[in-house]
Amino acid sequence: MAVLGIESSAHTFGAGVVENGAVLSNAKAMYNITSAGMIPSRAAELHSRNAAKTVRSAMRQAGLGFDDINAIGYTRGPGIGHCLRVGMLAAKTLSSALGVPLYPINHALAHIEVTRHLSGFKDPLALYVSGGNSQILGMANDPFRHYSVYGETFDIGVGNMLDNFARAAHLNPSWGSSVAKLAEGGHYIRMPYTVKGMDFTFTGLLTSAVKMLAGHKHSDVAFSLQETAFAMLVEATERAMLLTRRRSVIACGGVAQSVRLTSMLRAMVAQHKSEFFVAPNEYNADNGAMIALVAEKMHKAHAIVHARELNIMQRFRVDSARVWW
């Protein structure tokens, strides 16, 4: 069984093919985020121009023809409306032309599931950290099987905070890896630290860091921002891990590409003699293979999808997405 997945929630148009749990291809085209930030309409235009080319590339890499595709998945949300709509239309067109089932996929669920799949862990605690989301989750069965949110940001995602700081510091590209590079050799300055149980906030930290750019070395501010934000995430994750008695932890999403964050998580988990896993960066960045993987799981589980669900949902919460397998 081969399944095609299409991802277009934000700056990336991705297409990937999965066959019986094995990733055969993972192609993408990406919008370049500068200090001006991301303009949704322009990102959607880029997706429209690259959709057919990216899907053909994924099929070529997989060594398959369209007749070999048994099902298609696409990102229903959460994400940017302009961008989500391009992926949905591409998926609907292909599904109709090929006469195969279509599955709407939650973006966060796809990040968690591809990481869990690669880790081999049965029931891990998941720290999902991306531009728009920062959540601590675990599988629950009541009132339906889903990923329950144990803790999350009260305001913006940690990735959004890093991107905003990068723009304020005039870094190009304006995202987390540029902040990490600036932070090299920096020294710690005390900053606001806000953790409430297993929840956290980032706007106060961001505001403080941006103000500090005027009177401190930028490397010191970037270093302190990263250390403070990541320490907050690790503290909340440790609390959730102990309260839920999980013995394995995964990190996923775009910010899970941070070597500093994953090294802090790995050290915390090791102290509790438990297991930690983070997937290769290919799967923490937005990608089509993770969408294909979840669509394949839904197809094999005979998931029931109503016509009213074949749309986009910009605020599609992961804890409202049913896990069918």
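Predicted model: local features only at pLDDT ≥ 70, side-chain atom pairs only at ≥ 80, totals over all residues.
1. His299 lies in helix 10, which covers residues 288-300. With a relative accessible area of 19%, His299 is buried, because the cut-off for buried is under 20%. The side chain of His299 makes a polar contact with the side chain of Tyr103, at 2.7 Å. Leaving out residues up to four places away in sequence, His299 touches Met1, Asn70, Ala71, Pro101 and Tyr103.

2. Gly176 belongs to helix 5, residues 176-183. Is Gly176 buried, partly exposed or exposed? Its relative accessible area is 22%, and buried requires under 20% while exposed requires over 50%, so Gly176 counts as partly exposed. Gly176 touches Leu162 and Asp163, again not counting residues up to four places away in sequence. Gly176 and Ala51 are 125 residues apart in sequence, and their C-alpha atoms are 26 Å apart in space.

3. The chain as a whole comes next. The protein chain has 10 helices and 12 strands. Its radius of gyration is 19 Å, close to the 20 Å that the globule rule gives for 325 residues, so the chain is as compact as a globular protein of that length. Along the principal axes, the C-alpha atoms fill a box of roughly 60 × 45 × 35 Å.

4. Burial and contacts can be read together. Of the 325 residues in the protein chain, 57% are buried. Among contacts between residues at least 6 apart in sequence, 76% join residues at least 24 apart. The chain exposes about 13,700 Å², and carbon and sulfur atoms supply 51% of that area.

5. How many aromatic pairs are there? The count comes to one aromatic pair. Phe200 and Phe202 form it, with 5.6 Å centre to centre and 50° between the planes. The pair is called tilted because planes under 30 degrees apart would count as stacked and planes over 60 as edge-to-face. Phe200 is buried, with a relative accessible area of 0%, and Phe202 is buried with a value of 0% as well.

6. Two arginines are placed over aromatic rings. The charged end of Arg76 sits over the ring of Phe316, 5.2 Å from the ring centre. Arg322 lies over the face of Trp324, at 4.2 Å from the ring centre.

7. Some points of the backbone deserve a check. Most peptide bonds are trans, and most residues other than glycine have a negative phi. The bond from Gly77 to Pro78 is cis, with omega near -5°. Pro78 is found in the loop between strand 4 (69-77) and helix 2 (81-98). The bond from Asn172 to Pro173 is also cis, with omega near 0°. Pro173 lies in the loop between helix 4 (158-168) and helix 5.

8. Where are the positive phi values to be found? Asn20 has phi near 50°, a positive value in a residue other than glycine. Asn20 lies in the loop between strand 2 (12-19) and strand 3 (22-30). His170 has phi near 60°, which is likewise positive in a residue other than glycine. His170 is found in the loop between helix 4 and helix 5, and Pro173 lies in that loop too. At 66% relative accessibility, His170 counts as exposed, because the limit for exposed is over 50%.

Notes
Residues numbered from 1 in each chain as written. Heavy atoms only, no water. Phe/Tyr/Trp six-rings, centres within 6.5 Å; stacked < 30°, edge-to-face > 60°. Buried < 20%, exposed > 50% of the residue type's maximum accessible area, 1.4 Å probe, protein only. Lys NZ or Arg CZ within 6 Å of the ring centre and 35° of its normal. Helix = DSSP H or I, 4+ residues; strand = E, 2+ residues; numbered from the N terminus. Rg over C-alpha atoms; globule rule 2.2 N^0.38 Å. Contact = heavy atoms within 4.5 Å. Areas by Shrake-Rupley, 256 points an atom, 1.4 Å probe, with all protein chains shown as cover. Polar contact = N/O pair within 3.5 Å; in protein donor to acceptor, adjacent residues only side chain to side chain.
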